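I opened my notebook for another look through a fold. Here is what I looked up, entry by entry.

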Amino acid sequence: MKYLIVGLGNPGAEYADNRHNIGFMVVDQLAGEREARFAQDRHGYTCTIRIKGRQITLLKPTTYMNLSGKAVRYHLQILGIPPDNLLVITDDIALPFGKLRLRGKGSHGGHNGLRNIEEVLGQNKYPRLRFGVGDDFARGAQAHYVLSDFNAEEIPDLPAKIEAMTKAVVAFVTIGLSRTMNEVNQKKKPKAPPKPATPEAPDPSPNGEKSGG
């Protein structure tokens, strides 16, 4: 079985550490873990890895974020992969930093990469894995925010967050979308408040000693 895993981002060293490039970071990690190397391909850089017998093509589009759909459609068609076996990895300002959200379909939510993929494919029924980058920006500064690097507080936690993303991708191709959604989207139950201590019985006598019979 074949899969196409697309990490969204912008090509070029000046964008490498941007929040918008989290998709590139995740597929780079997947390739590195399996000692695979990306090579220039049409509309992007690609490499192929295998996970438990599945053939996985990793794609980093070179069309820039706003034209991501062109690269996605080409590689789906050339590889003969159905949209159900496509997974797009992207940033999301609607989620707090490091929060993951996996869906099998949905709106683009204002994300230009997802918007273009939807337009080019003519549908929004394809899996996408979103990584929260937060929304700590002033009104009108969204573009500057996503095209800026992760900050000093976020960087120490980034490797573990990327590792969680790669594990989600592996789960997607091995146990399927539904079960992976249950794992990735699972909300932690709030801890129950501690039970109040049982009040001690009052002393039976003023000096705390039991009175004799």
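**Helix 5 and what follows**

I began with a length check on helix 5, residues 158-175: at 1.5 Å a residue, its 18 residues should span 26 Å, and the end C-alpha atoms lie 25 Å apart, which agrees. A reminder to myself: this is a predicted model.

Next I asked which residues of helix 5 are buried. I found Leu-158, Ile-162, Met-165, Thr-166, Ala-168, Val-169, Ala-171, Phe-172 and Val-173. I kept in mind that an α-helix has 3.6 residues a turn, so residues three or four places apart point the same way.

Just past the end of helix 5, I noted Gly-176 with a positive phi of about 95°.

I then traced the strand order and got 2-3-4-1-5-7-6, an open sheet of seven strands with mixed pairing. Strand 2 (39-41) and strand 6 are its edges, each pairing on one side only. From one strand to the next, the twist averages 25°.

Strand 3 (residues 44-51) and strand 4 (residues 54-61) are antiparallel, and I read eight bridges between them. Opposite Cys-47 I found Leu-58 of strand 4.

Helix 6 (residues 177-184) packs on the sheet, where I saw it touching strand 6 and strand 7; its direction makes about 155° with that of strand 6.

Which face of strand 6 (residues 100-103) is covered, and which uncovered? Leu-100 and Leu-102 make up the covered face, Arg-101 and Arg-103 the uncovered one. In a regular strand, side chains alternate between the two faces of the sheet.

Strand 6 runs antiparallel to strand 7 (residues 128-132), joined by four bridges.

Conventions:
Residues are numbered from 1 along each chain as its sequence is written. This is a predicted model: local features need pLDDT of at least 70, side-chain atom pairs count only at pLDDT 80 or more; totals for chains, interfaces and linings use all residues. Side-chain values use heavy atoms; hydrogens and water are left out. Helices (H or I, at least four residues) and strands (E, at least two) are DSSP runs, numbered from the N terminus. The expected span of a helix is 1.5 Å times one less than its number of residues. Buried means under 20% relative accessible area, exposed over 50%, partly exposed in between (1.4 Å probe, protein chains only). Two strands pair if DSSP finds at least two bridges between them. Axes are lines fitted to C-alpha atoms, for helices over the stretch in contact, and angles run from 0 to 180 degrees between N-to-C directions. Contact means heavy atoms within 4.5 Å.
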